[in-house]
Amino acid sequence: MPLTEAESTSTTPEVPLPQPLPRPVRRAVSRKQRVAAADSSSTTQPAPIIDKAVFLRKFTENALLQVKEGNHEEYSKLVKVFLYLQRETNITPEQYVQDVTPWISAVSANVSALGISYRELVGAILYSDWIAAPDDKFVHRYSTLILQIVSAHPAWVPQAMSALVRWFVYGAQASEVAVAPAVHDRLHALLEQVYRAIPTCGASMAAAITDAHPFRTAKANIQVLFLQNVLRTLDYAIGLRREVLHTVLNRIIHVDVEVQIEIEDLGSADEGDDDDDDDDDDTGPNFDTADEEGIFEFEEDEVDKPVPVDSDSEEEEEEDSEDDDDDSDSGSDISNTSRLGKIKFSAKRVVAKLDAIMSTLFTWLEQHSQPDELTQEMPEATSQLFLVFLDLFNTVVLPTFKSRYTQFFVFYLCAKDPQYADVFLGTMMGAVGEPVRCGTPGQASALTKVAAASYLSSFVARARFLAGENVRNVIGVLVQWACAYLEWQEQLQREAEEESQRRQPHSWAKTYAQAAANINGGVRNSSSSSLTADFERHAVFYAVTQAIIYMFCFRWRDMAEAPGGGPVIESELDNLRWCNEIEGIQRIVFSKLNPLRACSSVIAHQFAQVASQTNFMFCYAVLQQNRRTGSEAKEQNDGETPTQSNLLRTELETFFPFDPMLLPISRQFIDDIYLQWQEV
């Protein structure tokens, strides 16, 4: 039964309340608890650590943002990080790698922001000497950064190409030779990546190569280094071959022309008093004799020797000014010798440079013109390369008369495949044009046609690899061309004479002089209807005729056979059987246009000699008559201003484009395919 309230109260025991602790003891316990709590919190929540990569990324981001607000302080610090040129700083390459490496990731994370406003930073990244750093991993990261920049912002491609192409000449200094191969490997690896990632960068790459090309006065080792890297670029940038090779051939031809100028200066300095005695040499010349032969004989180190100059010659001349004439002449001889030595030294330097450049290009062509191992045929890539060189030959080399060696690149390629030679010959025939359209050409057109005829004849004469059938076909086409031209001119003359007769009122009105002129061979006046020797009107005809007789001198053995058939026997030349292709040569030589008078006297004399020795024809009488006529014309024309026609005649008499290759290194690529002159 439940207890009442009174009962429950009375029965519950009294519990004493807890007494408070003494104040000192309570204070000691509280301090221990706080220390323990502090120790516990320190072990479970470590203090935050600043991430350096995050900091640099944020710093870069803020620096770029502040530029837009007009604050360049932090941005300038960022630019200075990447400014590094080995020659202008005391920082070692190792220290540079250590300092820049963490910033590469920071900038890479902000690549999308590197627009045109940040040209200073991008320029510092591109133009620093990062590529020569000793750490391959650093170079790889740096290359990736540049690739990211140009991929995100193609506007930087031209500047990037200019910055990279400048490394083409790295290795020209002695201190750079050891690491140059590694630098060039890194360089081309990046260029190839950029070229494949950005298809539109080709124009910028070609422009950068053109702008960075060394001047023709640069040293040979610089020229060779640059050309080697340019050609290496064309191995992966195939689409740039024509444009870049156009620049290369242009620079080579400038040096080539400079060689000819140096040789001409040497010839002028070495001129003697007996020059006039050599004008009319009746003996058959050796076509392979070169007056400048000594210029092409030099040791490799000779081009670096100082110019031999007699420094005391001027002082001696002043001291002996009052001496007799013999002493004066001696001083003059010393001065002339010194000047000649300077010119010869300068010529040798230019020749050595040209030889080094051309041999570099020949080596590259040899690597890219190997036949297929299975079919032994030229691959399609080689054929395309030949067509590029042929096109460049027509635009760069053909219009340049003073070029002497640049054209041998096409000569070398034509030897690789008979089809290449056929295409070249057909191209030159097309450049000569049709005979009925060569009567009144423009002067520039006439120069091109004359040059084409010269290349045609010199190629056929010197190409050992050219079959006899091809030789006969070419000379046959040229003979037909010349005969057709004569027929056309004769037709024009007949039409002009008929027109002149119709305009005369009565036949009885003719004067005695006119009648006598008609009896002696038609109307003879100064009008253009007269069919007489006129170099200005018939320049192309004379060039074609010279091509015919020049080829005959070299390749007459391919145009004849022994009386009983078979090859020609040199000791039995009395009754040779000549091919049908050359039947018209007699008509051409003895025509009223008198081509032997307009052609080079050296070629005309050599043709007369060979034709006489082989019993093909006899034309010495024509040469003798031309000599007498030429002497009279020379006396009449003395003191006259040279005309364009005379300049064209000079080029025809002196330009034989495939004369012997005399460059010591480059000729090794030509000698085996080259036909030297052979006496009858």
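With a side-chain nitrogen of Lys or Arg required to lie within 4 Å of a carboxyl oxygen of Asp or Glu, the count in this structure comes to 15 salt bridges. The model is a predicted one. Side chains of opposite charge can pair when their charged atoms come close. Three of these pairs are described below.

Another salt bridge is formed by the side chains of Glu490 and Arg587, at 3.5 Å from N to O. Here too the pair links distant parts of the chain: Glu490 lies in helix α19 (residues 468-503), Arg587 in helix α22 (residues 585-589), and 97 residues separate them. Glu490 has a relative accessible area of 28% and is partly exposed; Arg587 also counts as partly exposed, with 34% relative accessibility.

Helix α19 also holds a pair within itself. Glu499 and Arg502 are both found in this helix, 3 residues or about one turn apart, and their side chains meet in a salt bridge of 2.3 Å, N to O. Glu499 is partly exposed, with a relative accessible area of 29%, whereas Arg502 is exposed because its value of 59% is over 50%.

Finally, salt bridges that share partners join Glu487, Glu490 and Arg587 into one network.

Technical notes: Residues are numbered from 1 along each chain as its sequence is written. This is a predicted model: local features need pLDDT of at least 70, side-chain atom pairs count only at pLDDT 80 or more; totals for chains, interfaces and linings use all residues. Side-chain values use heavy atoms; hydrogens and water are left out. Helices (H or I, at least four residues) and strands (E, at least two) are DSSP runs, numbered from the N terminus. Buried means under 20% relative accessible area, exposed over 50%, partly exposed in between (1.4 Å probe, protein chains only).
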